[in-house]
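Hi,

Here is the structure I promised to pass on. My notes follow below it, with the cut-offs spelled out as they come up.

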Amino acid sequence: MIAWRRDFHEHPELSYEEVRTARVVAAHLRSLRMDVRTGVAQTGVVGVLRGGRPGPVIALRADMDALPVTEEGDLPFRSHARGHYNGQDVGIMHACGHDTHVAVLMAAATVLAAQRENLAGTVIFVFQPSEEGAPPGGLGGARRMLAENVFGDLQPEAMFGLHAWPGPSGAVTMISGPMMAGSDRIDITVTGSQTHGAQPHAGIDPIVASSQIINALQTVPSRQMDAVSSPVIVTIGMIQGGVRYNIIPQNVQMQGTLRYLNPETRERFYERIRRTISETAAATGATAEVTITENAIPTVNPPAMMTRTRAAVVRALGEDAVQGGQPVMPAEDFAYFQQAVPGVFFFYGVNPPGVTAAEAAPNHNPRFFVHEPAMETALRAMLAVSLDRVGGEQP
């Protein structure tokens, strides 16, 4: 399992480019005598393990894509990969732990396939591309896999997924109800009037307008939404404008992410976003075009299903290793699978002993680090929730 993880970490691939990763996964599943489909959602892989006895159908999911991040760690298997993202040359890194997700699920497939004759039911292994966001005008990996009939003629009764997280190694975090935020992409084009940098009065400066828009947007969560019932976040992560130091440009492009936990407040939140951008731009004489693209809906774990799932993991790991927690604002497109199949998603801690969550580099950071022995905890948890359903014994 660790060898697989290191191989994937050294050879990361961006969303919908997971060709090598998919090839390794498919070859392994075929070696386990599974029914394997490739090319699902372009680079996704699906393996079906049929047990020796009748029983329910369940699904297990791992995401495969890496991020446009240049790794700064000193691992002997660090990534030196480069690629193109959003028109830029970028480093590529598994800065979110998806390399571990794939390795854990491959290991789970190995263990369960070895028990094939004793399994009472069927397990679908879903290796998903493009979790890190849909391409412009397209679908992210989960929605595209669903649109392409990922489960075939089978209908799972339950689906499970996990995620590496900066928490204590040896522990998992399981949260009932809303767990992760909805996340949408915002694209803003601010249009002014180009002029000489020495004569700003002769034009309209979209850079100044954009800076005022960025600041004004922060009043939406802090002054325009209920912080208790409607926690939201607005982040502008990209701004581009101008080509020369003494020219005020015609346009500025910005991209960002919008996060929300309560689906009922989404439209009210976005109405305030659009109003703030439009009226702030107008106050400077500029105009602004706003496009909001759905990326992921909130991840919500059904309480009754979580109770059963947690009990299975406690039996495997012990009560002290299964923690509760509060919802977090990162998003996961596993939520779309939850719309089609009752599903539970949980975290497993990857910090080295003695390193607190506050001290650890967060997900998407160029120094994100996984304490590899923690992967055994993830594997045991995934096997526990699987055997709870197809192990042939009633809980």
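Thr 21, Val 24, Val 25, His 28 and Leu 29 of helix α2 meet Val 102, Met 106, Ala 109 and Thr 110 of helix α3; contact here means heavy atoms within 4.5 Å. Helices (H or I, at least four residues) and strands (E, at least two) are DSSP runs, numbered from the N terminus. Helix α2 covers residues 19–31 and packs against α3 at an angle of about 10°, their axes being 10 Å apart. That makes α2 roughly parallel to α3, the cut-offs being under 35 degrees for roughly parallel, over 145 for roughly antiparallel, 65 to 115 for roughly perpendicular, and oblique for the rest. Axes are lines fitted to C-alpha atoms, for helices over the stretch in contact, with angles from 0 to 180 degrees between N-to-C directions. By class, this contact has six nonpolar, three polar and no charged residues.

Before you go further: this is a predicted model, in which local features need pLDDT of at least 70 and side-chain atom pairs count only at pLDDT 80 or more, while totals for chains, interfaces and linings use all residues. Residues are numbered from 1 along each chain as its sequence is written, and side-chain values use heavy atoms, with hydrogens and water left out.

Now the cores. A nonpolar core is a set of buried Ala, Val, Leu, Ile, Met, Phe, Trp, Tyr and Cys residues joined through side-chain atoms within 4.5 Å, where buried means under 20% relative accessible area (1.4 Å probe, protein chains only). In the largest one, of 59 residues, Leu 60, Phe 125, Phe 127 and Tyr 348 touch the most other members. Helix α3 (residues 98–114) gives this core its largest share, ten residues. Another core, of 50 residues, lies apart from it and includes Val 220 and Leu 258.

There is also an open sheet of four strands, ordered β12-β14-β10-β15 with antiparallel pairing; two strands pair if DSSP finds at least two bridges between them. Its edge strands are β12 (232–241) and β15 (287–296), each pairing on one side only. Nine bridges join β12 to β14 (residues 251–260), and Val 232 stands opposite Tyr 260 in β14. Helix α7 (residues 266–284) lies across β10, β12, β14 and β15, at about 155° to β15.

Beyond four places in sequence, its contacts are Gln 323, Gly 324, Gly 325, Phe 346 and Phe 347.

Best wishes

Notes
Ala, Val, Leu, Ile, Met, Phe, Trp, Tyr, Cys and Pro count as nonpolar, Asp, Glu, Lys and Arg as charged, and the others, Gly among them, as polar.
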